[in-house]
Amino acid sequence: MSSIQLIRNATLVIHYAGKKILVDPMFAPKSGLRSIAGKVKSPTVALPLPIADIIRGTDLVLVTHTHADHFDAAASEALDKSLPLINQPADEAYFQNAQFTNAITVYDTLTWEGITIQRTGGEHGSGEVLQKMGTVSGFVLSAAGEPTIYIAGDTIWIPEIARYLHTFQPDYVVINSGGAVMPGYENTPILMEESQTMELIKGSGHAKIIAVHMEAIDHCRTTRESLRQKANAWNVPEGKLTIPQDGAVVMLQ
């Protein structure tokens, strides 16, 4: 059976169509990266598992973008450079320079080992801060006999995301709901926060939502508790929204 394990922040291990897929690996130890909000150094929590256990048996790495909380130096050092690594066009040179010899740039769609991988877009904020945040992507995974998974990536709720939900009709949507803000742009979230997450849920059809990217980076304002409280206020049905703890495994139906 397929499953999605939240490691920490946006790092996932997905068992899918007989393959182990590692998504957005950030392996820095607690406090191993800089502070963004000026509060404490990130990550604010340790990995729930040893790195060796996380990467053992990995068949494919998938990176939505190369901000340090999605792909860091510790991950680059730990991973086998010959592993297939899916990346967005904006990061093609990055992975060439990092000497990943089997990096695969997805412009639109490709099929790897029976899994179709469709790249999607997103906006990592709005207005002036959007220009500073750079290009980000999401990915839709589909395979025969498997549920369709939409990994939205670092994006706010925009009409483009609603179109993807309509087009792909995913069974599961993984969303980064940290409500992060950058210094100087505190009123302009660069990730979905509680209200935007509810808007996505409202437009998600039959999909089940898995919310991650919380309580690990110091500029993320949305917490698991604040998101659950908002969901309760919106009367989100039981089972529609999963907010996993670090290390938790979500089994896919």
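G32 is partly exposed, because its relative accessible area is 45%. On this scale, buried means under 20% relative accessible area, exposed means over 50%, and partly exposed lies in between, using a 1.4 Å probe and protein chains only. Before going further, a word on what you're looking at: this is a predicted model, where local features need pLDDT of at least 70, side-chain atom pairs count only at pLDDT 80 or more, and totals for chains, interfaces and linings use all residues. Residues are numbered from 1 along each chain as its sequence is written, and side-chain values use heavy atoms, with hydrogens and water left out.

**Around G32**

You'll find G32 in the loop between strand 3 (residues 19-23) and helix 1 (51-55). Helices (H or I, at least four residues) and strands (E, at least two) are DSSP runs, numbered from the N terminus. Setting aside residues up to four places away in sequence, G32 touches S42 and P43; contact here means heavy atoms within 4.5 Å. Those two partners have something going on between them: the peptide bond from S42 to P43 is cis, with omega near -10°. P43 sits in the loop between strand 3 and helix 1. As for V45, it lies 13 residues from G32 along the chain, and their C-alpha atoms are separated by 10 Å.

A17 and N235 each have a positive phi although neither is a glycine. Here they are side by side.

T58 is in the loop between helix 1 and strand 4 (60-62), and T58 counts as buried because its relative accessible area is 10%. Its side chain reaches the backbone oxygen of I55 at 2.8 Å. Leaving out neighbours within four places in sequence, T58 is in contact with K20, L22 and L83.

V136 is in the loop between helix 4 (127-133) and strand 9 (138-142). At 5% relative accessibility, V136 is buried. What does V136 touch, not counting residues up to four places away in sequence? The list is T64, H65, Q88, T120, G121, G122, E123, H124 and D154. G239, on the other hand, is 103 residues from V136 in sequence and 29 Å from it in space, C-alpha to C-alpha.

**Helix 6 and its cover**

Which residues of helix 6 (residues 194-202) are buried? They are E194, Q196, T197, M198, L200 and I201. An α-helix has 3.6 residues a turn, so residues three or four places apart point the same way. The cover over the buried residues of helix 6 includes helix 5 (159-168), strand 11 (172-176), strand 12 (208-212), helix 7 and strand 13.

Q196 is worth a look of its own. The side chain of Q196 reaches the backbone nitrogen of W157 at 2.8 Å. Apart from neighbours within four places in sequence, Q196 is in contact with I156, W157 and L191.

**Stepping back to the whole protein**

Altogether there are 7 helices and 14 strands. How does the overall size fit a compact globule? With 253 residues, such a globule would have a radius of gyration near 18 Å, and the protein has 17 Å, which agrees. That radius is taken over C-alpha atoms, and the globule rule is 2.2 Å times the number of residues to the power 0.38. Along the principal axes, the C-alpha atoms fill a box of roughly 45 × 45 × 35 Å.

Of the 253 residues, 54% count as buried. Among contacts with a separation of 6 or more, 62% come from residues 24 or more positions apart. The accessible surface comes to about 10,600 Å², and 49% of it belongs to carbon and sulfur atoms; these areas come from the Shrake-Rupley method with a 1.4 Å probe, and for residues only the protein chains shown count as cover.

Methods
A polar contact is a pair of N or O atoms within 3.5 Å; within protein, one must be able to donate a hydrogen and the other to accept it, and residues adjacent in sequence count only if both atoms are side-chain atoms.
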